[in-house]
Amino acid sequence: MNIVIIEDEPKVALDLKQQLIDLQGDHHLITILGSLEETNEWFSKNSEPDLIIADIQLGDGITFDFFKNSKLNCPVIFCTAYDQYALQAFQANGIAYLLKPITKSELEKSIAKVLKLKGNLREDENIYLDLIAQLKIKEKKYRSGFLVSFRDQLIPVSVDSIAFFKTAQTTAEIFTNEANFFPLPKTLDQLEKEVDPDIFFRVNRQYLVSRKYIKSVEFYYNRKLLINLKTNYNDEIIISREKAGAFLKWMEEK
């Protein structure tokens, strides 16, 4: 297939290019476009490719503006750090919606979908039903706050004010930016599914930490990491060496 990449982050674009090279198949990368202006200009002079791999938010706008005004019919694999655009992606010839960081296996599966669609149009219905199911998952709404019970009171706690969640025996506790602890009748496993993974990271079995309140990260012995928070909390929060790589990648992405 002839493929065009629309991506304004050079590192991400090069990673996608390398993944395409690594994939088996006759795939030809025509060009990499880094802005809406460049995209509009290129497509005004060239015919549409077999596939477009596109980021959504570029430095000079969002790619939906381009697709809305174009007459392209080729499928699009959307690659983004945000999950709120899933339904719009479906309306813009989207065949897959991948959240960054994108793995080789995810890209390979998405391209296989495109090839399947092109090779057998009678299977369109099953492919799009699968995509709709995928989009419903991506459209999941994460918690924006919690109502906690404390000293005969019900206190609203915004997610923006939460530095981390911590296990407390069989349930959990909330620690806020004002150094307040509040009990919460949920497990850390439950909370991990309810809060936005772009904001919170499960650093170990005891802590689910907010990116907003991470001041710095130090290298610890035995390839572990130590988190320094912006709030007044004295206990050490250690990231195991098994999770260190994933954590640093998560930190780098935002």
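I began with strand β3, which pairs with strand β6 (residues 76–80) in the parallel sense over three bridges. For the record, two strands count as paired if DSSP finds at least two bridges between them. Helices (H or I, at least four residues) and strands (E, at least two) are DSSP runs, numbered from the N terminus.

The model is predicted: local features need pLDDT of at least 70 and side-chain atom pairs count only at pLDDT 80 or more, while totals for chains, interfaces and linings use all residues. Residues are numbered from 1 along each chain as its sequence is written, and side-chain values use heavy atoms, with hydrogens and water left out.

**Confidence.** I looked up pLDDT, the predictor's confidence in each residue, from 0 to 100. The protein chain has a mean pLDDT of 84, and 85% of its residues reach 70 or more. Confidence is lowest in helix α6 (residues 124–138), with a mean of 56, and highest in strand β14 (residues 207–210), at 96. Where pLDDT is low, the predicted coordinates should not be read in detail.

**Parallel sheet.** I went back to β3 and listed its partners. In β6, I77 is the bridge partner of I53, and F78 is that of A54. Strand β1 (residues 2–6) also pairs with β3 in the parallel sense, over four bridges, and V4 stands opposite I52 in β3. These strands belong to an open sheet of five, in the order β2-β1-β3-β6-β7, with parallel pairing. Its edge strands, β2 (28–33) and β7 (94–99), each pair on one side only. Neighbouring strands of this sheet are turned by 15° against each other on average, direction ignored; axes here are lines fitted to C-alpha atoms, for helices over the stretch in contact, and angles run from 0 to 180 degrees between N-to-C directions.

I then asked which residues of β3 (residues 51–54) are buried on each face. L51 and I53 are buried on one side, and I52 and A54 on the other. Buried means under 20% relative accessible area, exposed over 50%, and partly exposed in between (1.4 Å probe, protein chains only).

**Antiparallel sheet.** I found three strands in an open sheet with the order β15-β16-β17 and antiparallel pairing. The edge strands are β15 (214–219) and β17 (237–239), each pairing on one side only. On average, neighbouring strands of this sheet are turned by 30° against each other, direction ignored. β15 pairs with β16 (residues 225–229) over five bridges, and V217 has I227 in β16 as its bridge partner.

**Second largest pocket.** I noted a lining of 13 residues, with K11, V12, D15, P101 and E253 nearest the centre of the pocket. The elements that give two or more residues to this lining are α1 (10–22) and α8 (241–253). α1 gives the most, with six residues. The lining divides into five nonpolar, one polar and seven charged residues.

**Loop residue.** I checked N177, which lies in the loop between β11 (171–176) and β12 (181–184). How exposed is N177? N177 is partly exposed, with a relative accessible area of 37%. The C-alpha atoms of N177 and A163 are 5.7 Å from each other, and the two residues are 14 residues apart along the chain.

Key: 1 Å grid on protein atoms, 1.4 Å probe; cavity = no way out; pocket = protein on both sides within 12 Å on 5 of 7 lines; lining within 4 Å. Nonpolar A, V, L, I, M, F, W, Y, C, P; charged D, E, K, R; others polar.
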